[in-house]
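Hi everyone, thanks for coming. Please have a look at the model on the screen, and then I'll walk you through one part of it.

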Amino acid sequence: MLVLKRLIAFVATSLAAGLIIVGSGGLALAQSTGPGTGQPHPWQLGLQAAASPVMSDIIWFHDFLLYLITAITLFVLVLLVIVMVKFNAKSNPVPSRTTHNTMIEVVWTVVPVLILVAIAVPSFRLLFYELKVPTADVTIKATGKQWFWSYQYPDANFEFDSLMLQAKDLKADQPRLLAVDNEMVVPVNKVVHVLTIGADVIHSWAVPAFGVKIDAIPGRVNETWFKAERVGTYYGQCSQLCGKDHAFMPIAVRVVSDQDYAAWLDGAKKRFAQDNVPNPNMIAAAGEATK
Ligand SMILES: [Cu+2]
């Protein structure tokens, strides 16, 4: 009797856990369609809301896998319960001596293969979508340094440093440990081509709402892209352990309208003007700076 009681308790717990998983999947879907503020929230469940087409696809893929794994887990649970109830020593004292069943063996080989193919197709599509940079409207080079980021706009010939704001300097709407003094500014609905490089050690440039995370490696230029679909400020953090202040080199990207971008660009050209900015054609050789 005790065994039966424990079994019932186990099934009840598993079903509750399953429901919670399905529930959180639904919540993740809801968040992916809600307005994004580009930063984490207390008690957040699931991913940050998408602000780029790549992130929308990542969230879709994440939710798809969540439903799939929930269905598989529940199916295996049901099989286990059937085995435990119907085929224990008490209810089935004389076990069957069957060792082969061709049909079942074909099914349990083919079905997992089909499931893996169903996962692989959208997975590879997403991977290639992320990797192939469309024709860029704006190119920005992000250089990871111990411990801040520098952004260079090669087409406009200026570069500036972006340092984390200390708690005492924060304005009311700025998040602690994420807000910076000089944000990277980009126009809305434009393809932004991001080149990354490390000036000293390996860093990683990551903005969750854009679905972007790419290593910034000394001596090697990496590239990625995003197209921000909504105006706002989006935050990320260095995502490669890079030294003692790794946690204090956030990434802040301000997405603005075309007019605001043009105005910002004009101001920035004067504000960040310097004589020693390398020729735009030399970006690929930026690794030289590390020598
Ligand atoms: Cu870091």
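Let's begin with a pair of strands: strand 1 and strand 5, residues 191-198, run parallel to each other and share 7 bridges. Two words to settle here: strands are DSSP runs of E with at least two residues, numbered from the N terminus, and two strands count as paired if DSSP finds at least two bridges between them. Along this pair, K141 sits opposite L195 in strand 5, and A142 has T196 as its bridge partner.

A quick word on the model itself. It is predicted, so local features need pLDDT of at least 70 and side-chain atom pairs count only at pLDDT 80 or more, while totals for chains, interfaces and linings use all residues. Residue numbers start from 1 along each chain, as its sequence is written.

Now, which strand does strand 1 join through a hairpin? That is strand 2, and the hairpin has 2 residues. Strand 2 covers residues 148-153 and runs antiparallel to strand 1, with 5 bridges joining them. Here T143 stands opposite S150.

Let's zoom out. The open sheet has 5 strands in the order 3-2-1-5-8, and its pairing is mixed. At the edges are strand 3 (158-162) and strand 8 (222-227), each pairing on one side only. From one strand to the next, the twist averages 25°, taken between axes, which are lines fitted to C-alpha atoms, with angles from 0 to 180 degrees between N-to-C directions.

Finally, is strand 1 mostly covered or uncovered? Mostly covered: of its 8 residues, 138-145, 6 are buried, meaning 20 or more other C-beta atoms lie within 10 Å of the residue's own, with C-beta atoms placed from the backbone.

Note on methods:
Buried ≥ 20, exposed ≤ 12 C-beta atoms within 10 Å, placed from the backbone. Helix = DSSP H or I, 4+ residues; strand = E, 2+ residues; numbered from the N terminus.
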